[in-house]
Amino acid sequence: MLKNLVKIASDLDNAGFRKEADIVDLIIRRVASELGDQEYSPEDGMSTGSAGAIDEEELAEILSGI
């Protein structure tokens with residue numbers, strides 16, 4: 001499942017949807033953390049470090065509006 005989300009985040013990033021990719025990245029990190037995924041790391045293809053990166057507080061605010 002995480003690999004599919006990583007691909008979605010990468011595709012969004014490549015299409016110029018940086019903020020949306022960052023949201024998916026944060027979701028991936030949260031899920032990986034909660035699952036205790038020892039094999040997952042940001043080097044697995046996440047689009048980290050983009051100029052419009054958002055933090056968890058901003059993600060919560062965005063998701064509360066959905």
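1. Let's start with the charged pairs: there are two salt bridges here, a salt bridge being a side-chain nitrogen of Lys or Arg within 4 Å of a carboxyl oxygen of Asp or Glu. Please keep in mind that the model is predicted, with local features needing pLDDT of at least 70, side-chain atom pairs counting only at pLDDT 80 or more, and totals for chains, interfaces and linings using all residues. Residues are numbered from 1 along each chain as its sequence is written, and side-chain values use heavy atoms, leaving out hydrogens and water.

2. (Helices are DSSP runs of H or I with at least four residues, numbered from the N terminus.)

3. The other bridge links arginine 18 and aspartate 13 at 2.9 Å, N to O. Aspartate 13 is buried at 16% relative accessible area, while arginine 18 is partly exposed at 42%. Buried means under 20% relative accessible area, exposed over 50%, and partly exposed in between, using a 1.4 Å probe and protein chains only.

4. Now look around α1. Leu2, Val6, Ala9 and Asp13 are buried. They lie on the same side of α1, because their arc around the axis is only 65°, taken from the directions from the helix axis to the C-beta atoms. Asn4, Lys7 and Asn14 are exposed on the other side of α1.

5. What do the buried residues of α1 pack against? Their partner is α2, judged by contact, meaning heavy atoms within 4.5 Å.

Conventions. Helices (H or I, at least four residues) and strands (E, at least two) are DSSP runs, numbered from the N terminus.
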